[in-house]
Amino acid sequence: MELPVLNACARCTALCCRYVAVEIDEPEDDRDYDNIRWYVSHENIQVYQDDEGGWYIQFFTRCRHLGRENECTIHPNHYQICKDYKMRECEFTLGQGGEKRLFRLPEDVDRYLALQSARREARAAPPRASSRNGKGRPSRNGRPHRRQKTGAR
Ligand code: SF4
Ligand code: SF4
């Protein structure tokens, strides 16, 4: 039987006390993306965009007030941000990995930009002329032309 959400903290290893996430401006230009490459060149740091479109830098670092049994040693005098955190929407209850976009390494930024660029090019490409049964263009051997494979979709 699944335990009620109320018991979640008792079963969790205090996932929410092991990082700090700070909102950052949405990247707009090369300089901004280069900054993200630099952020994620550091250990224990990642950048993500959440489902609501917000961009965050996340530092994986344990809170000093987290006790050996994963308890908050300054409860009930912990910080307002901790009090406001909703267990029903936390990473333990909902599961981790819900980021819309995740950058862990500088190469992730390169891959993301290459994909964005390929999508822009695909959108900008003029529509193909209609060619029924693939016979619109002649080919030397009389067979229809094959479409070329492209890497990115
Ligand atoms: S709020 Fe969620 S992540 Fe934090 S200790 Fe409770 S169950 Fe774990
Ligand atoms: S103050 Fe307490 S509840 Fe807040 S992050 Fe630290 S250990 Fe967790």
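The questions and answers below walk through a predicted model of one protein chain with its ligands.

Biologist: What kind of model is this, and how are its parts numbered?
Modeller: Residues count from 1 along each chain as its sequence is written, and chains are lettered from A and ligands numbered from 1 in the order in which they are written. Local features need pLDDT of at least 70, side-chain atom pairs count only at pLDDT 80 or more, and totals for chains, interfaces and linings use all residues, since the model is predicted.

Biologist: Which pattern does the protein chain follow along the sequence?
Modeller: Helices (H or I, at least four residues) and strands (E, at least two) are DSSP runs, numbered from the N terminus. The protein chain has five helices and four strands. Read along the sequence, the pattern is α-β-α-β-β-α-α-β-α.

Biologist: What percentage of the 153 residues count as buried?
Modeller: The test counts other C-beta atoms, placed from the backbone, within 10 Å of a residue's own. With 20 or more the residue is buried, with 12 or fewer exposed, and in between partly exposed. For the protein chain, the buried share is 4%.

Biologist: Are α2 and α5 roughly parallel or antiparallel?
Modeller: Axes are lines fitted to C-alpha atoms, for helices over the stretch in contact, and angles run from 0 to 180 degrees between N-to-C directions. Helix α2 (residues 30-39) and helix α5 (residues 106-124) pack at about 150°, with axes 7 Å apart. Angles under 35 degrees count as roughly parallel, over 145 as roughly antiparallel, 65 to 115 as roughly perpendicular and the rest as oblique. So α2 and α5 are roughly antiparallel.

Biologist: Which residues of α5 make the contact with α2?
Modeller: Two residues are in contact if their C-beta atoms, placed from the backbone, lie within 7 Å. From α2 come Tyr 33, Ile 36 and Arg 37. From α5 come Pro 106, Val 109 and Leu 113.

Biologist: Which helix supplies the largest share of the shell around ligand 1?
Modeller: A residue is near a molecule or strand if its C-beta atom, placed from the backbone, lies within 6 Å of it. The residues surrounding ligand 1 include Cys 9, Cys 12, Cys 16 and Cys 90. Both α1 (8-11) and α4 (91-94) supply at least two residues of this shell. The largest share, three residues, comes from α4.

Biologist: How many residues around ligand 2 are nonpolar?
Modeller: Ala, Val, Leu, Ile, Met, Phe, Trp, Tyr, Cys and Pro count as nonpolar, Asp, Glu, Lys and Arg as charged, and the others, Gly among them, as polar. Ligand 2 is surrounded by Cys 17, Cys 63, His 65, Leu 66, Cys 72, Ile 74, His 78, Tyr 79 and Cys 82. Two are polar and none charged; the nonpolar ones number seven.

Biologist: Is Ala 14 exposed, partly exposed or buried?
Modeller: Ala 14 is in the loop between α1 and β1. Its phi is positive, about 60°, although Ala 14 is not a glycine. Because 16 other C-beta atoms lie within 10 Å, Ala 14 is partly exposed.

Biologist: What form does the peptide bond from His 75 to Pro 76 take?
Modeller: Pro 76 lies in the loop between β3 (55-60) and α3 (80-84). Omega of the bond is near 5°. The form is cis.
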